[in-house]
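Subject: Structure for you to look at

Hello,

Here is the structure I promised to pass on. Please open it next to this email and follow along.

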Amino acid sequence: MNRGENIISVDIGHGFPWGDVADCGTRTLMISDNDPELAKQPAEKIGNVVFEHRHELLFNPISLNKAIQIIQQKEHTGKPIVIADIADIADNAGGGAASDSTSVLEAMLSNGLTDCAIGMIWDPQVVEIARKAGTGAQLTVRLGGKNSVDSGQPLDLNVKVTGIINDLIQPFPQYSGDDLPVPCGDTVCLECNGVSIIVNSTRTQVFHPAIFTAFGIDLSCIKALVVKSIFHFYAGFAPIAEEVLLMGAPGPLNPDFTKVPYKQADLHKFPWMDNPFR
């Protein structure tokens, strides 16, 4: 829809599904030049179009088990599969999760996956231990699972410190203009049985492959990257990926909204009701 002379802006707000507020949901926003009636009709029209596409817009992430099967079957092609938290949604710091869930890493290790990488796990204690030990050190660490009942259990792992970067900055690609610099804090790369694990001290979601390549990880040799992010990772990772998959692993951010234990949200809407207008 093109803006007319008296229409200033046309926007769709997709909402934040894990925010337990009464008005949680998608909205259209039309701003006119002091003419509310002019804005009302096109706003309703756009809202109806969004509602007509509600089923296809409701994402359906693959399970953790399915993601592991896909990685097991993948051949080296020079490009990794990028699996996002939805790329690891359920433990995405951008949605309010701790970003220290261990469920995906545990599944990767228990299934013997190699030539893979995962990041970022927020664990300042492990970062400090690895920094003091130094690059090349062999350590036993208790990683993750410290900050939430949904974070899973800490993993006791024998790891090698393969890299240390103080005050790592990752770029956040923008639709227009320069990338935004995003601090990750002191960050380390640990290797455990063929899996590279990026662990950081400043909780943030993953936006860019630089969190891996900064440590010298050659992505052409990686079968799968698991990133703790949702959607914001796409601009940075899609160009280097053979395929991008969205995964709903165990964690505090359940991608099935009908199972989120809302207390304040008005549920007289899709997906709790297929058509609340009837």
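Which side chain is joined to that of Lys74 by a polar contact of 3.4 Å? The partner is the side chain of Glu242. One caution before we go on: this is a predicted model.

**Lys74**

Start with where Lys74 sits. Find the loop between α3 (64-73) and β3 (81-84); Lys74 is there. Is Lys74 buried or exposed? Lys74 is buried, because its relative accessibility is 8% and the cut-off for buried is under 20%. Its side chain has another polar partner. A polar atom of that side chain lies 3.1 Å from the backbone oxygen of Lys79. Now skip the neighbours within four places in sequence. Lys74 is then in contact with Lys79, Pro80, Ile81, Lys223 and Glu242.

**Asp123**

Next, go to the loop between β4 (116-122) and α5 (124-133). Asp123 is found there. Asp123 is buried too, with a relative accessible area of 2%. Which backbone nitrogen lies 2.8 Å from a polar atom of its side chain? That nitrogen belongs to Gly144. The backbone nitrogen of Val126 lies 3.1 Å from a polar atom of the Asp123 side chain. Leave out the neighbours within four places in sequence again. Asp123 then contacts Arg142, Leu143, Gly144, Lys146, Val199 and Asn200.

Leu143 stands opposite Leu155 in β6. Strand β5 (residues 138-143) and strand β6 (residues 155-172) run antiparallel. Six bridges join them. How many bridges pair β6 with strand β7 (residues 180-192)? There are ten, again in the antiparallel sense. To see one place in this pairing, look at Leu168, which stands opposite Gly185 in β7.

**Helix α4**

Now turn to α4 (103-110). Six of its eight residues are buried, so α4 is largely enclosed by the rest of the structure. The buried residues are Ser103, Val104, Leu105, Ala107, Met108 and Leu109. An α-helix has 3.6 residues a turn, so residues three or four places apart point the same way. Just after α4 comes Gly112, with a positive phi of about 70 degrees.

**Backbone angles to check**

Some background first. Most residues other than glycine have a negative phi, and most peptide bonds are trans.

- Asp115 is not a glycine, yet its phi is positive, at about 55 degrees. Asp115 is in the loop between α4 and β4. Asp115 is partly exposed, with a relative accessible area of 33%.
- Phe231 is not a glycine either, and has a positive phi of about 70 degrees. Look for Phe231 in the loop between β9 (224-227) and α7 (234-237). Phe231 is partly exposed, at 46% relative accessible area.
- The peptide bond from Gly119 to Met120 is cis, with omega near -10 degrees. Met120 is in strand β4.
- Phe270 and Pro271 are joined by a cis peptide bond, with omega about 10 degrees. Pro271 is in the segment after β10 (243-246).

**The largest pocket**

Last, the empty space. Rolling a probe the size of a water molecule over the atoms shows where empty space is left. The largest pocket has a volume of about 1400 Å³. Its lining has 37 residues. Nearest its centre lie His14, Gly15, Gly25, Thr26 and Val50. Which element supplies the largest share of the lining? The answer is α1, with six residues. Three elements each supply at least two lining residues: β2 (27-32), α1 (36-52) and α2 (54-57). By class, the lining has 20 nonpolar, 13 polar and four charged residues.

Over to you.

Best wishes

Key:
Residues are numbered from 1 along each chain as its sequence is written. This is a predicted model: local features need pLDDT of at least 70, side-chain atom pairs count only at pLDDT 80 or more; totals for chains, interfaces and linings use all residues. Side-chain values use heavy atoms; hydrogens and water are left out. On a 1 Å grid over the protein atoms alone, a cavity is a set of points where a 1.4 Å probe fits but cannot get out, and a pocket is an open set with protein on both sides within 12 Å along at least five of seven lines; lining residues have an atom within 4 Å of a point. Grid points are joined across faces, edges and corners, and a volume is the space filled by probe spheres set on the points. Helices (H or I, at least four residues) and strands (E, at least two) are DSSP runs, numbered from the N terminus. Ala, Val, Leu, Ile, Met, Phe, Trp, Tyr, Cys and Pro count as nonpolar, Asp, Glu, Lys and Arg as charged, and the others, Gly among them, as polar. Buried means under 20% relative accessible area, exposed over 50%, partly exposed in between (1.4 Å probe, protein chains only). A polar contact is a pair of N or O atoms within 3.5 Å; within protein, one must be able to donate a hydrogen and the other to accept it, and residues adjacent in sequence count only if both atoms are side-chain atoms. Contact means heavy atoms within 4.5 Å. Two strands pair if DSSP finds at least two bridges between them.
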